[in-house]
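Subject: Structure for your set

Hello,

Here is the structure we talked about handing over. My notes on a pocket and on the ligand site follow it.

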Amino acid sequence: MLNPDEIKALENEHESGVYGKIDIVLVRGEGARLWDADGKMYIDCMSGHGVANIGHANPAVTQAIAQQAQQLITCHSALYNEQRALLMQKLAQIAPPGLDRFFFCNSGAEAVEGALKFARLATGRTKIIATMRGFHGRTFGALSATWNKEYRQLFEPLVPGFEFVPYNKLERMEKAVDDETAAVIVEVVQGEGGVNPGDGDYLRGVQALCQERGALFIADEVQTGFGRTGKMFACEHHDLRPDLMTVAKSIAGGVPMGAILIGPRVGELPPRVHNNTFGANPLCCAAAVAAIDFMLENNLPQRSAELGVRMIDGLKAIESPLIREVRGLGLMIAVELKQSSAPYLAELAEKGVLALTAGRNVMRFLPPLVIEEEDVNTVVEKVAEVLPAD
Ligand SMILES: Cc1ncc(COP(=O)(O)O)c(C=O)c1O
């Protein structure tokens, strides 16, 4: 077995270099807790970047994976499979009304790529409107809809036809959507861009504009989906009925999977216009069925809503001149500081809490939705300890 120093040395030697590494070797997780190679315990508010909604090593999913692995791991979508059929049935039951056809893939960016292609295909138009501070992934199409210059500039020229407008400003969207617009893509709560909740009137207004002007409304729920914001999908907060919805991250309990949920305005998609080798393999589908069942049986969206309120209230009660704002929805929470959050996140990790950034100044908390109340309280206490009181 490798010791922690050997593990770090090997990763440092062979890693591509694109990841800023945190000096922790994780070996085990259970629920909302993680352990490193020295046996130190952490409360996880990263969830593998929003993946572990049902908690680490969830027995329902580990059993489903083990059982399916012994039966059949791969089965291309050109053939039929029971686990895929069951997943489709389940997704159709929990999705916003009308989204009852699915394309499965392996990640959020792939789901966004496919949704953008389907929108162009369905409308015969090319223009895509995205929002400032929006994040949709790092592949060329998804990156073209992603706002952050730092992510984009080195790789230009990107896909043509993308335009950005300010988030939560309907009048700017009204000017941008026209009869050449294939789609508008938005996050219901912007994640990477700082945890910025979308306003209900704005989002419903964007949807109405799309319907009026023949464009498709794409909701990117890669980060917000599956209970994260206190509803199964964030669209439910505002009664949204997107034409296309992208999901990934937590859909299959940690096994890589993404999906495009397709509504009636997309119309028929002809054979062979899109494809995916691994998408919807029985292993991922079995994991997703088990994960979604667990979310429903344990009412995780409700738990996320309740614990989210508790955590936001706790964080708001912290008195520190460094805090600009505490905001969020469910267990998707940001503490925006007046300066870089990096040193405070490092100190939090020292104290046994792992959290994320979301832009330079934000501490972002995405704990597993199974987190115990006691651990929520500890997280709030530790944040109070690392932020200066005067
Ligand atoms: C809203 C949103 N869309 C798309 C993506 C890209 O997902 P992936 O990293 O699985 O490609 C992310 C990832 O953070 C995301 O938050």
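Which element gives the most to the lining of the second largest pocket? That is β4, with four residues. Please keep in mind that this is a predicted model.

The pocket

The volume of the second largest pocket comes to about 730 Å³. Its lining counts 25 residues, and those closest to the centre are Ser77, Ala78, Met88, Phe102 and Phe103. At least two lining residues come from each of α4 (82–94) and β4 (101–105). Sorted by class, the lining holds 14 nonpolar residues, seven polar ones and four charged ones.

The ligand site

The ligand has these residues around it: Ser107, Gly108, Ala109, Phe135, His136, Gly137, Glu187, Asp220, Val222, Gln223 and Lys249. This shell splits into three nonpolar, five polar and three charged residues.

- Asp220: a polar side-chain atom is 2.7 Å from a nitrogen atom of the ligand.
- Gly108: a backbone N or O atom is 2.8 Å from an oxygen atom of the ligand.
- Gln223: a polar side-chain atom is 2.9 Å from an oxygen atom of the ligand.

On its own the ligand has 390 Å² of accessible area, and the protein covers 80% of that.

Regards

Key:
Residues numbered from 1 in each chain as written. Predicted model: local features only at pLDDT ≥ 70, side-chain atom pairs only at ≥ 80, totals over all residues. Heavy atoms only, no water. 1 Å grid on protein atoms, 1.4 Å probe; cavity = no way out; pocket = protein on both sides within 12 Å on 5 of 7 lines; lining within 4 Å. Points joined across faces, edges and corners; volume = space filled by probe spheres on them. Nonpolar A, V, L, I, M, F, W, Y, C, P; charged D, E, K, R; others polar. Near = heavy atom within 4 Å. Polar contact = N/O pair within 3.5 Å; in protein donor to acceptor, adjacent residues only side chain to side chain. Areas by Shrake-Rupley, 256 points an atom, 1.4 Å probe, with all protein chains shown as cover.
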